[in-house]
Amino acid sequence: MARDIQERIKRLIIDRRLPSGAPLPTEPELMELLGVSRNSVREALKALQAMGIVEIRHGFGTYVGPMSMAPMIEGLTFRTVAGHYRGEESLLQLLELREAVETGLVTRLAGRIPEADLAELDTLVERMEKESATGDVRADTDRAFHAALYRGLDNALLSEVLEAFWDAFHRVRTDLVDVPQDPRITCIQHRAILEAVRSGDAVRAEDAVRDHFGNIRARLRSAHRR
């Protein structure tokens, strides 16, 4: 029954083509529309809020939520942490998922990245090189590079999924494993990815991404053995 009410509210959002931030019918209106009790409506809305589908603003009403990847990130993060403490190589598994997606996509980018994005990628690699001279490459610089790299695919959903994988991996890695890093290698590998996609060489671009993930994998395995 509870799941059915959730599905009917989701169908209402779809049928009315309501965008994020649009107000939903009030509780009494939903009760009448769905033919259910106030408690049933409230429980369904709470469940949908946990998924990011609706947003309950106390004192103001209920609105269509941001529909972000936050629940997916939380699920990936929790699953990876739980697996780690069960003795599984869950962090490596999450890394392999990222690698599979990114290597499959980078060949489509070779020679197709707009000049403005190439210029941004150049700037980010230069920032990495400056950061490596004084310590480690910052995580937000690394994240910005990968986000800018795949932006040229012009697929908002894909960008969100990649961000979710990145965010879950780095949150868990930071909490669970102290991964040694050679910032010079990090810079060299990101520069290699950039030059491969700039040149239009799809095979070299895929190899460069695989090398990058191979380096992360080796460092993770090294950290696990310590």
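**Ground rules**

I number residues from 1 along each chain as its sequence is written, and my side-chain values use heavy atoms, with hydrogens and water left out. As the model is predicted, local features need pLDDT of at least 70 and side-chain atom pairs count only at pLDDT 80 or more, while totals for chains, interfaces and linings use all residues.

**Overall build**

I started with the inventory: the protein has 10 helices and 2 strands. Helices (H or I, at least four residues) and strands (E, at least two) are DSSP runs, numbered from the N terminus. Along the sequence I read the pattern α-α-α-β-β-α-α-α-α-α-α-α. The radius of gyration is 22 Å, well over the 17 Å that the globule rule gives for 226 residues, so the protein is more spread out than a compact globule. For that value, the radius is taken over C-alpha atoms, and the globule rule is 2.2 Å times the number of residues to the power 0.38. Along the principal axes, the C-alpha atoms fill a box of roughly 65 × 45 × 30 Å.

I then looked up burial: 42% of the 226 residues count as buried. Buried means under 20% relative accessible area, exposed over 50%, and partly exposed in between (1.4 Å probe, protein chains only). Of the contacts between residues at least 6 apart in sequence, 70% join residues at least 24 apart; contact means heavy atoms within 4.5 Å.

**Helix α1 against α3**

I looked next at helix α1 (residues 2-15) and helix α3 (residues 38-50), whose axes come within 9 Å and cross at roughly 70 degrees. That makes α1 roughly perpendicular to α3. Axes here are lines fitted to C-alpha atoms, for helices over the stretch in contact, and angles run from 0 to 180 degrees between N-to-C directions. Angles under 35 degrees count as roughly parallel, over 145 as roughly antiparallel, 65 to 115 as roughly perpendicular and the rest as oblique. From α1, the contact is made by Ile5, Gln6, Ile9 and Lys10, and from α3 by Ser40, Ala44, Leu45, Ala47 and Leu48. I noted 6 nonpolar, 2 polar and 1 charged among these residues. Ala, Val, Leu, Ile, Met, Phe, Trp, Tyr, Cys and Pro count as nonpolar, Asp, Glu, Lys and Arg as charged, and the others, Gly among them, as polar.

**Helix α5 against α8**

The axes of helix α5 (residues 90-109) and helix α8 (residues 156-176) come within 10 Å and cross at roughly 150 degrees. I therefore logged α5 and α8 as roughly antiparallel to each other. The contact residues include Leu94, Val101 and Leu105 of α5, with Phe165, Trp166 and Phe169 of α8 among their partners across the contact. The residues of this contact divide into 13 nonpolar, 1 polar and 3 charged.

**Single residues**

Leu124 sits in helix α6 (residues 115-134) and is buried, with a relative accessible area of 4%. Not counting residues up to four places away in sequence, Leu124 touches Thr141, Ala144, Phe145 and Ala148.

I also checked backbone angles, as most residues other than glycine have a negative phi. Met67, in the loop between β2 (61-64) and α4 (70-85), has a positive phi near 50 degrees. Met67 is partly exposed, at 42% relative accessible area. Asp154, in the loop between α7 (139-151) and α8, has a positive phi near 55 degrees. Asp154 is exposed, at 73%.
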